[in-house]
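Keep the viewer open as you read.

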Amino acid sequence: MTEPSYLRDTVLPQLPPPLVDRGIIKWIRENLFSGVLNTFLTLAGLAAVWWLLAASLPWFLHGVWDANSLGECRSIIAAEFGEGAQGACWAMLRERWHQFIFGFYPPEAYWRVGLAFVLLFVALAPVLFTEVPRLLLWGTVIYPALGYWLLWGGSIWGPVVAMAGFGLLALVFKLLRPLLGVPVAGGLGFVAAVLWWLFAQGPVAGLLAGVMPVGLVPVESDRFGGFLLSIVIGVTSIAASLPLGILLALGRRSDMFLVKTLSVAFIEFIRGVPLITMLFTASLLLQYFLPPGTSFDLILRVDILVTIFAAAYLAEVVRGGMAALPRGQYEAADALGLDYWSAERLIILPQALKISIPSIVSTFISLFKDTTLVSFVGLLDPLKGISTIVRADMAWKGVYWEPYLFVGAVFFVLCFSMSRYSMYLERKLKTDHK
C-alpha cells in the first residue's frame, strides 16, 4: 500500500519565531506598548525626556573648561555660539576642584589624604569580598589608627596607644568570658578600656613619643572640608553604628527587664529627635558637660552623635529581620544545645542580617547623604559649605548650577556603588532557587 501524497515524509527544520516575537522588538512590545495605558505613559515619558534634553543639552555642550572667571566664560560662549547662547562654566570646577575634594586641607599634605583613601579600600576589601585573602584583615584592624594618624597628623603613638585600649578590652573579655559569661566579661572589658583611655593613654603616649618621636605635621579639624569631611564622617559612622545597632536590637529583644527598658528608651528617644538637633547638641551643648579646659574635637563629637543616631535606626532594622525569622530557628538552636550568644552568632543574626540587607544599606546611604547637614554646625561640607565659599568669590559670582551638579554627581556615584554592592551581596547570599 502506497503512502498518500499529502503526507510529509521528512522533518522540517525549526524556524525562528516571527520578528515581532523576538529580540528588541519583542521587548519593546511587551514592556513599552503592551496596552493603552502603557503606550500613553511611554509616549509621555519620551516627550518629557525630549523636552529635558532639548532644554539642557545645549547648556552642557556649550560648557567652557578654560577660563579665569564667569565673565570670561560668558564671553567665550558668546563668541563661539552667538549672542544669547548659554552654557556651563565648568572652568570653576577646574580652578576649585581641590576645595570640593579636600576643603582647606594643606596642599603639601594631599598625599596623606590620597594614601589614607587607598588604604581604606585595602582595609574594606576583606570585609566586603570573601575572595580577598583573610590575611588582609590585619590591615582592617590597624587602619583606624593609621587613617587617623595620616589625616590628623601629630605623634603616631597617640593612635597606637588608643588602639591598645581595644586590645585590652578584647584581652579582658577573652580571659573572663569562660568564668563570668559574655555580658559581664564584655562590661568589665569596656571598663578596663575606658580606664586605660582616661588615665594611661596620655602618659604612655607621651613617654613613647619622648623615646621614639615619630609623627607628621598636625592638621586642625577646621581645615577639613568637602568630600574629605563627608567621607570621614560617613565611613566612621557607618562602621561604628552597625555593631552598636546590633547590640541595641539584641537588648530590645532581651528578657532582662533593665536591659530591655534601657534599650527601648534609648532607641525611641534617639529616633524621636531630628538629626540636626543632635548636631547642634554636639556643637554647642556637649562641651558644657565636660570638665573646664577639655578640648573635644568637633568632628569627633559629630561622629559620635551621628553614629548614635544611625545605630538607633539600624537597631530597628535588625530587630525586624530577627522578628521575621520563623520560631523554628530558635527552637533548632535550643535543640542543638547552643547557649544564647552562640545561637545568636551562628544561627539567628546571620539570617536576620541577610534579610535586612536592603534596609541596612538604605540606612547607610541616607546616613552618608545626611553628612551634608554638618554645615549647620560650622563644618565645610561639599554641598553648602564649599559651594557657598566658591560662589562668594567675585570671579565666580553668579555661578549656580555647576557646583551643585558636580557635588550631586559625586554623591550619586558613591551611593549608587553602595546600592550595587547591596544587590551583589543579596545575590551572593541567596540560598533558595525559586
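Start at glycine 234, which is buried, with a relative accessible area of 1%; here buried means under 20% relative accessible area, exposed over 50% and partly exposed in between, using a 1.4 Å probe and protein chains only. Before going further, bear in mind that this is a predicted model, where local features need pLDDT of at least 70, side-chain atom pairs count only at pLDDT 80 or more, and totals for chains, interfaces and linings use all residues. Residues are numbered from 1 along each chain as its sequence is written, and side-chain values use heavy atoms, with hydrogens and water left out.

Glycine 234 belongs to helix H9. Helices here are DSSP runs of H or I with at least four residues, strands are runs of E with at least two, and both are numbered from the N terminus. Setting aside residues up to four places away in sequence, glycine 234 touches Phe368 and Thr371, with contact meaning heavy atoms within 4.5 Å.

Leaving aside neighbours within four places in sequence, the contacts of arginine 252 include Lys260, Ser263, Val264 and Ile267.

Now for the nonpolar interior. A nonpolar core is a set of buried Ala, Val, Leu, Ile, Met, Phe, Trp, Tyr and Cys residues joined through side-chain atoms within 4.5 Å. The largest one has 42 residues, and those with the most contacts inside it are Tyr105, Leu151, Phe224, Val302 and Leu379. Helices H5 (110-128), H6 (137-152), H9 (226-252), H11 (275-285), H12 (298-323) and H15 (357-369) each supply at least two of its residues. H12 gives the largest share, 10 residues. A second, separate core of 27 residues includes Ala67, Leu93, Val361 and Ile386.

Next, the rings. There are 21 aromatic pairs in the structure: rings of Phe, Tyr and Trp (its six-membered ring) pair if their centres lie within 6.5 Å, with planes under 30 degrees apart counted as stacked, over 60 as edge-to-face and the rest as tilted. Tyrosine 400 and tryptophan 401 are edge-to-face, 5.3 Å centre to centre with 90° between the planes. Tyrosine 400 is partly exposed at 42%, while tryptophan 401 is exposed at 54%. Phenylalanine 412 and phenylalanine 416, by contrast, are stacked, at 5.4 Å and 15°.

Those two phenylalanines both lie in helix H17 (residues 401-429), four residues apart, about one turn of the helix. An α-helix has 3.6 residues a turn, so residues three or four places apart point the same way. Phenylalanine 412 counts as exposed at 55%, and phenylalanine 416 is partly exposed at 40%. H17 also has buried residues, among them Val407, Phe411 and Cys415.
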